[in-house]
Amino acid sequence: MIEAENLTKRYGDKTAVDDLTFTVQPGRVTGFLGPNGAGKSTTMRLLLGLDRPNRGDARIAGVHYTDLPAPLRVVGALLEARAVHTGRSAYNHLLALAQTQGIGRKRVDEVIELVGLTGVARRRAGGFSLGMGQRLGIAAALLGDPDVLILDEPVNGLDPEGIVWIRTLMQHLAREGRTVFVSSHLMNEMAVTAEHLIVIGRGRLIADCSTEEFIERSTEKMVIVRSPEADRLTGVLTAEGAKVAPSPDGLLTVTHMEAPRVGELAAAEGVVLHELTPKRGSLEAAFMELTRESVEYGAGDAPALPGAPPGAAVPVAAPPAGPAAEGENR
Ligand SMILES: Nc1ncnc2c1ncn2[C@@H]1O[C@H](COP(=O)(O)OP(=O)(O)OP(=O)(O)O)[C@@H](O)[C@H]1O
């Protein structure tokens, strides 16, 4: 379990993390979301004792990170863009890390195999591609077989196969009863990976709920209907309070009415249906909606983030209004 209590971190007059209280439970993948500059990496650094809070408390498995006698055995972490600048081979890099905590060679071999680096384990880690570097970072995080994992953007640099691999791995680790806390900007990926979400904006908590609930709360449910009698159906549904938007391909997008009711009304009136598909909103649309107020850098006024090259800040722009969200099947 991970606990943050009134966590607050200021850099000069900038409050990066603002009175943040949340708990990350074991047994499920918890996604950590927020627009650029929301304070995700800072929060993770505070949890890992790499920075000191101005106020509040962060505990992992009930204790402060810095009080853990063998931290790698309790918590494994992958921090964003952590390149391994080393002339050592991947194997020796992991072995050196393992030896600091009394972890044996057998476990080094195990994690190398687990992350799919067996074929390149003797190669210089400093020359690894971004994706291989991510896998090596994940191997390091798993070295101590920890109960808690804190992963900052683990999907960064991975190809589609790698993305599916990390998703499966995180879900497997969670099913084993571990606490998996993962930040990402890839909403579609988080929608299928994380069961629970903690969302922050400008350092403050915006949501702490299931992924399902997060999407339901801020996007409108839609029903996609196709009928050879689209006009008649539109009349039937609007008379019962639904809103119906036709599209040029003959599909009707129905809001303010659930799919079963659409089907029942069509049957009662003898209207033939060729398609009746309930669609939920996307996590991306829900995220845009709920974080709209807390976007740090809007399009056009994006300053460079500290340490980033000019223009590197990725703006998160507010979405256009209306139920334009693409439906997303899980
Ligand atoms: N060492 C630092 N010195 C000064 N300001 C900092 C420092 N680290 C972070 N900040 C500021 O704190 C805020 C939160 O940054 P942080 O990197 O934690 O956000 P983030 O949610 O991880 O962003 P991103 O999604 O872009 O990685 C930002 O405004 C950032 O500029």
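Tutor: Helices and strands are DSSP runs, numbered from the N terminus, with at least four residues (H or I) for a helix and at least two (E) for a strand. Residues are numbered from 1 along each chain as its sequence is written. The model is predicted, so local features need pLDDT of at least 70 and side-chain atom pairs count only at pLDDT 80 or more, while totals for chains, interfaces and linings use all residues.

Student: OK, and over how many bridges do S1 and S2 pair?

Tutor: Strand S1 (residues 2-11) pairs with S2 in the antiparallel sense over 7 bridges. Two strands pair if DSSP finds at least two bridges between them.

Student: What about the hairpin of S1 and S2, how many residues lie between the strands?

Tutor: There are 2 residues between the strands, and in this hairpin Gly12 takes a positive phi near 60°.

Student: In what order do the strands of that sheet come?

Tutor: The order is S2-S1-S4, an open sheet of 3 strands with antiparallel pairing. S2 and strand S4 (55-60) are at the edges with a single partner strand each, so one side of each is left without a neighbour in the sheet. On average, neighbouring strands here are turned by 20° against each other, direction ignored. Axes are lines fitted to C-alpha atoms, for helices over the stretch in contact, and angles run from 0 to 180 degrees between N-to-C directions.

Student: Which strands does H1 lie across?

Tutor: H1 lies across S1, S2 and S4, and runs at about 115° to S1. For contacts, the rule is that the C-beta atoms of two residues, placed from the backbone, lie within 7 Å.

Student: Changing topic: which residues come nearest to the ligand?

Tutor: Tyr11, Ala16, Lys40, Ser41 and Thr42 come nearest, out of 13 residues around the ligand. A residue is near a molecule or strand if its C-beta atom, placed from the backbone, lies within 6 Å of it.

Student: And which element gives the most to that shell?

Tutor: H1 gives the most, with 3 residues. Strand S2 (14-24) and helix H1 (40-47) each supply at least two residues of the shell.

Student: How do the shell residues divide by class?

Tutor: They divide into 5 nonpolar, 6 polar and 2 charged. Here Ala, Val, Leu, Ile, Met, Phe, Trp, Tyr, Cys and Pro count as nonpolar, Asp, Glu, Lys and Arg as charged, and the others, Gly among them, as polar.

Student: Let us turn to helices. At what angle do the axes of H3 and H4 cross?

Tutor: The axes of helix H3 (residues 90-99) and helix H4 (residues 105-114) cross at roughly 135° and come within 10 Å. H3 and H4 are therefore oblique to each other. Angles under 35 degrees count as roughly parallel, over 145 as roughly antiparallel, 65 to 115 as roughly perpendicular and the rest as oblique.

Student: Is the crossing of H3 and H4 left-handed or right-handed?

Tutor: The crossing of H3 and H4 is right-handed. A crossing is left-handed if the near helix is turned anticlockwise from the far one by less than a right angle, and right-handed if clockwise.

Student: Which residues of H3 and H4 meet?

Tutor: Ala90, Tyr91, Leu94, Leu95 and Ala98 in H3 meet Arg105, Arg107, Val108, Val111 and Ile112 in H4. By class, this contact has 8 nonpolar, no polar and 2 charged residues.

Student: How far apart are the axes of H8 and H11?

Tutor: The axes of helix H8 (residues 211-218) and helix H11 (residues 283-291) are 8 Å apart, and the helices pack at an angle of about 65°. Their crossing is left-handed. H8 contributes Thr211, Phe214, Ile215 and Ser218 to the contact, and H11 contributes Leu283, Ala286, Glu289 and Leu290.

Student: Last topic: what is the order of the sheet of 4 strands?

Tutor: This open sheet has the order S11-S12-S10-S13, with antiparallel pairing. Strand S11 (243-246) and strand S13 (275-279) are the edge strands, each pairing on one side only.

Student: Which strands does H10 lie across?

Tutor: H10 lies across S10, S12 and S13, and runs at about 160° to S13.
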